[in-house]
Amino acid sequence: MARDGETNEILFEIMEDGEQRILAKGGRGGLGNNNFKSATNQTPRYAQPGEPGVEGLFILELKILADVGLVGFPNAGKSTLLSVVSAAKPKIANYAFTTMEPNLGIVNYYDDKSFVMADIPGIIEGAHEGKGLGLRFLRHIERNAMLLFMIPADSKDIGKEYKILLNELKQYNPELLDKQRVIAVTKSDMLDDELKTEIRRHMPRKVPYLFICSLTGEGIPQLKDLLWRTLNPDESAD
Ligand SMILES: Nc1nc2c(ncn2[C@@H]2O[C@H](COP(=O)(O)OP(=O)(O)OP(=O)(O)O)[C@@H](O)[C@H]2O)c(=O)[nH]1
Ligand SMILES: [Mg+2]
C-alpha cells in the first residue's frame with residue numbers, strides 16, 4: 001500500500017502478483033548534441049535538456065495477503081498449527097512471543113486446492129497501548145479473508161480470552177471485526193470428555209468452533225474443512 005507521506009492519504013494498493021504502478025514518474029531524458037548532427041552541421045551546439053521527474057515523500061506499507069490469519073495470545077499454539085498444516089517451519093517454543101515476525105504457509109486441501117495461512121506474533125490485553133509486541137503486526141491480517149482465533153484448552157476462561165482478543169482487534173481497526181471468524185480450542189490433548197462438555201457450555205454462540213490438537217492431529221482435517229468452507233461459501237459440497 002502506498003500513502004502520501006505528508007497527508008497519509010492512500011494513493012493505491014497493489015493486490016495482484018506482477019501488478020505495476022508508478023508512484024513518482026521520472027522525467028523525460030534529454031538529448032545530447034550528438035543527436036542533432038547532420039551533413040551540414042557536424043558539430044551542433046544545440047542539445048535538448050531533460051525534464052525533472054516527480055518528487056515526493058511516500059510511505060510504502062507491506063500487508064501480507066493470506067486467506068486465514070491466526071489470532072491468539074502468545075503460546076496458544078499458532079506456529080505449531082502452521083507447521084502441521086503447511087510446509088512452513090516457524091520457530092516453536094514454550095514461552096511467550098516466540099514468533100517475532102509473521103510466517104506464511106500454504107495449506108494444501110485435497111487435489112489441487114490450497115489456501116494461505118498467516119501466523120502472526122501473539123497479542124495480549126493492552127496490546128493497543130503497546131503492551132507485548134503491540135498491534136503493529138495486525139496490519140498483516142487486515143487483508144486476510146478470515147480470522148482463526150486460537151485459544152488453548154488450559155486457558156482459565158476461554159470466553160474472556162476471546163473477548164480480549166476481539167477488543168484488541170477492534171481498538172486497532174474496527175473493520176477487522178467484519179471478517180468471518182472461527183475459533184479453535186487448541187491443545188485438546190489436555191482435555192477429557194467431561195472438560196470438553198464444560199467448555200462447550202461457555203463457548204460464544206454465534207462463532208463456529210472446534211477442538212484441535214496439533215500433536216495428535218485431532219480435529220485438524222475438520223478444521224481444514226471448516227476453513228475451506230468459510231473461504232469458499234459458494235462451492236457446493238460434493
Ligand atoms: N499439549 C500440546 N501442546 C501444544 C500443542 N500445540 C502447541 N503446543 C505447545 O505450546 C507451546 C507454544 O506453541 P507455539 O506454536 O510456539 O505457540 P504460538 O501461539 O506460536 O506462540 P507465540 O509465537 O509466542 O505467540 C509449545 O511448547 C508447543 O509445543 C498441542 O496441540 N498440545
Ligand atoms: Mg508463534
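Which charged end sits over the ring of Phe211? That would be Lys196, 5.6 Å from the ring centre (a charge sits over a ring if NZ of Lys or CZ of Arg is within 6 Å of the ring centre and within 35 degrees of the ring normal).

## Before you dig in

This is a predicted model, where local features need pLDDT of at least 70 and side-chain atom pairs count only at pLDDT 80 or more, while totals for chains, interfaces and linings use all residues. Residues are numbered from 1 along each chain as its sequence is written, chains are lettered from A and ligands numbered from 1 in the order in which they are written, and side-chain values use heavy atoms, with hydrogens and water left out.

## Around Lys196 and Phe211

Lys196 also makes a salt bridge with Glu218, with 2.9 Å between the closest N and O atoms (a salt bridge is a side-chain nitrogen of Lys or Arg within 4 Å of a carboxyl oxygen of Asp or Glu). This pair links distant parts of the chain, 22 residues apart: Lys196 is in helix 3 (residues 193-202), and Glu218 is in the loop between strand 9 (209-211) and helix 4 (220-231). Helices (H or I, at least four residues) and strands (E, at least two) are DSSP runs, numbered from the N terminus.

Lys196 is buried at 13% relative accessible area, whereas Glu218 is partly exposed at 29%. Buried means under 20% relative accessible area, exposed over 50%, and partly exposed in between (1.4 Å probe, protein chains only). Phe211 is buried too, at 8%.

## Aromatic pairs

There are 6 aromatic pairs in the structure. Rings of Phe, Tyr and Trp (its six-membered ring) pair if their centres lie within 6.5 Å; planes under 30 degrees apart count as stacked, over 60 as edge-to-face and the rest as tilted. Phe36 and Tyr46 have ring centres 4.8 Å apart and planes at 75 degrees, so they go down as edge-to-face. Both lie in the loop between strand 2 (10-12) and strand 3 (58-60), so the pair ties together parts 10 residues apart in sequence.

Elsewhere, Tyr109, Tyr110, Phe115 and Trp228 form one aromatic cluster.

The structure holds 9 salt bridges. One of them joins Glu142 to Lys63, with the closest N and O atoms 2.5 Å apart. Glu142 lies in the loop between strand 6 (113-119) and strand 7 (146-152), and Lys63 in the loop between strand 3 and strand 4 (68-72), so the pair ties together parts 79 residues apart in sequence. Both residues, Glu142 and Lys63, are buried.
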